[in-house]
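Please have a look at it first.

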Amino acid sequence: MPQGGNFACALRRRQRSISRRLRESRLFARAMHSPHHPIVAHIVPIRRCNLACTYCNEFDAVSAPVPAAEMLRRVDLLANLGTTIITISGGEPMLHPELDEIIRHIRRRGAVATLITNGYLLTPDRIHRLNKAGLDYLQISIDNVTPDETSKKSLKVLDRKLEWLAEHAEFAVTVNSVLGSPVRNPKDALAIAQRARALKLTNTVGILHDGNGQLRPLAPDHLAIYHEILEPDQKMFSFAQYDRFQQNIARGLPNRWHCRAGGRFLYICEDGLVHYCSQQRGQPAIPLERYGIEDLEREAARTKPCAPYCTVSCVHQTAMLDSFRESPRQVLADMIAARRERSPDYRPPAVLHVLTWMFLDGPASRLLAKLALRVLKARC
């Protein structure tokens with residue numbers, strides 16, 4: 001690409017990033033104000049996948065795409081519930097012939113549009129189409145450096161795709177490496193993380209779960225790699241920085257938390273049924289068109305026996321937002337403590353002191369919340 005093209009792409013990327021952050025600020029304000037709308041929903045437009053990773057339980061080899069009109073209707077239903085982030089997953093969602101229109105419709109309805117893909121179908125032209133559709137985030141998981149019997153999602157195959165994303169994508173890109181899968185060389189996860197950082201892409205590390213989303217503790221060598229991957233200069237407000245879930249999971253320890261799946265997090269399968277998450281399909285399994293505020297409140301309040309050893313990080317993250325709404329000072333204190341565990345000399349930035357003041361209980365916090373909602377034009 002010519003130098004002028006690089007500059008124009010960088011400028012558009014910067015503009016998109018600013019717009020995305022502003023919209024996310026509105027969504028955060030809404031989440032702080034209202035506890036009864038979904039924060040995140042995953043929708044599946046196709047169960048079929050072009051790969052067959054041995055550890056995955058979320059795909060088949062035969063399913064047809066859900067008709068586009070039905071997918072748009074489901075997006076409308078989620079938007080009517082107040083859903084703020086809609087993630088398209090699968091299967092492999094890029095096999096859906098009308099994926100771009102689904103993304104556009106998510107954006108038309110005011111939600112953040114996210115895509116989870118294995119990356120095999122990415123080309124420069126396809127990335128430009130995703131830009132044009134208005135995609136906000138893309139996550140691509142890479143399991144190993146070279147393909148093996150466990151997974152073909154390898155850096156050797158996907159490295160060129162990552163370069164294209166770094167060059168052309170105007171949306172944010174996250175490269176996720178997974179520990180705990182039976183790949184030949186566990187240290188591949190570190191190589192993947194280093195490559196993502198070299199390309200200036202966001203990197204995360206996940207821990208493999210069993211078929212019910214439950215914990216598989218890391219072996220000592222995997223645990224050492226996990227800690228090596230974590231970035232010492234990670235941003236204060238990244239979920240990985242605060243998230244004690246992953247730290248406990250890596251050590252094989254349970255977490256004490258209240259899962260709000262079915263309320264704040266929804267998983268909509270290809271049949272249009274609402275489930276707690278991808279690993280708890282069948283509960284509550286209510287058709288989306290019949291899902292209402294009573295269902296959201298009931299299922300968010302329900303205690304889930306799978307919660308202590310759950311590894312589904314996107315469900316953890318939505319619960320963390322509610323924890324911040326309910327106990328802001330404690331959450332901020334935990335964020336600082338987590339950072340100091342890894343960086344003993346860490347000094348919290350001034351913004352933390354402002355946040356601590358803003359979210360104290362009492363009339364001042366309510367006034368500030370109302371003001372934030374008005375300034376950010378958030379819909380309640």
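This is a predicted model: local features need pLDDT of at least 70, side-chain atom pairs count only at pLDDT 80 or more; totals for chains, interfaces and linings use all residues.

On the helix 5 side the contact is made by Leu-155, Asp-159 and Glu-163, and on the helix 6 side by Ala-191, Ile-192 and Arg-195. Sorted by class, that contact of helix 5 with helix 6 has three nonpolar and three charged residues, with no polar ones.

The other pair I want to show is helix 2, residues 68–80, with helix 3, residues 99–108, which pack at an angle of about 20° with their axes 10 Å apart. Helix 2 and helix 3 are therefore roughly parallel to each other, and helix 2 passes helix 3 in a right-handed crossing. Helix 2 contributes Met-71, Leu-72, Val-75 and Asp-76 to the contact, while helix 3 contributes Glu-101, Ile-102, His-105 and Ile-106. By class, the contact of helix 2 with helix 3 has five nonpolar residues, one polar and two charged.

Let me move to the backbone. Most residues other than glycine have a negative phi, and most peptide bonds are trans. Against that background, which peptide bond is cis with omega near 15°? That is the bond from Gly-90 to Gly-91, and Gly-91 is found in the loop between strand 2, residues 85–88, and helix 3. A cis peptide bond also joins Gln-283 and Pro-284, with omega about -10°, and Pro-284 is found in strand 9, residues 284–287. As for phi, Lys-200 is not a glycine, yet has a positive value of about 65°; Lys-200 is found in the loop between helix 6, residues 188–198, and strand 6, residues 202–207.

Finally, the rings. The charged end of Lys-304 sits over the ring of Tyr-276, at 4.8 Å from its centre, and Arg-20 lies over the face of Tyr-137, 5.1 Å from the ring centre. With ring centres required to lie within 6.5 Å for a pair, the count of aromatic pairs comes to zero.

Technical notes:
Residues are numbered from 1 along each chain as its sequence is written. Side-chain values use heavy atoms; hydrogens and water are left out. Rings of Phe, Tyr and Trp (its six-membered ring) pair if their centres lie within 6.5 Å; planes under 30 degrees apart count as stacked, over 60 as edge-to-face and the rest as tilted. A charge sits over a ring if NZ of Lys or CZ of Arg is within 6 Å of the ring centre and within 35 degrees of the ring normal. Axes are lines fitted to C-alpha atoms, for helices over the stretch in contact, and angles run from 0 to 180 degrees between N-to-C directions. Helices (H or I, at least four residues) and strands (E, at least two) are DSSP runs, numbered from the N terminus. Angles under 35 degrees count as roughly parallel, over 145 as roughly antiparallel, 65 to 115 as roughly perpendicular and the rest as oblique. A crossing is left-handed if the near helix is turned anticlockwise from the far one by less than a right angle, and right-handed if clockwise. Contact means heavy atoms within 4.5 Å. Ala, Val, Leu, Ile, Met, Phe, Trp, Tyr, Cys and Pro count as nonpolar, Asp, Glu, Lys and Arg as charged, and the others, Gly among them, as polar.
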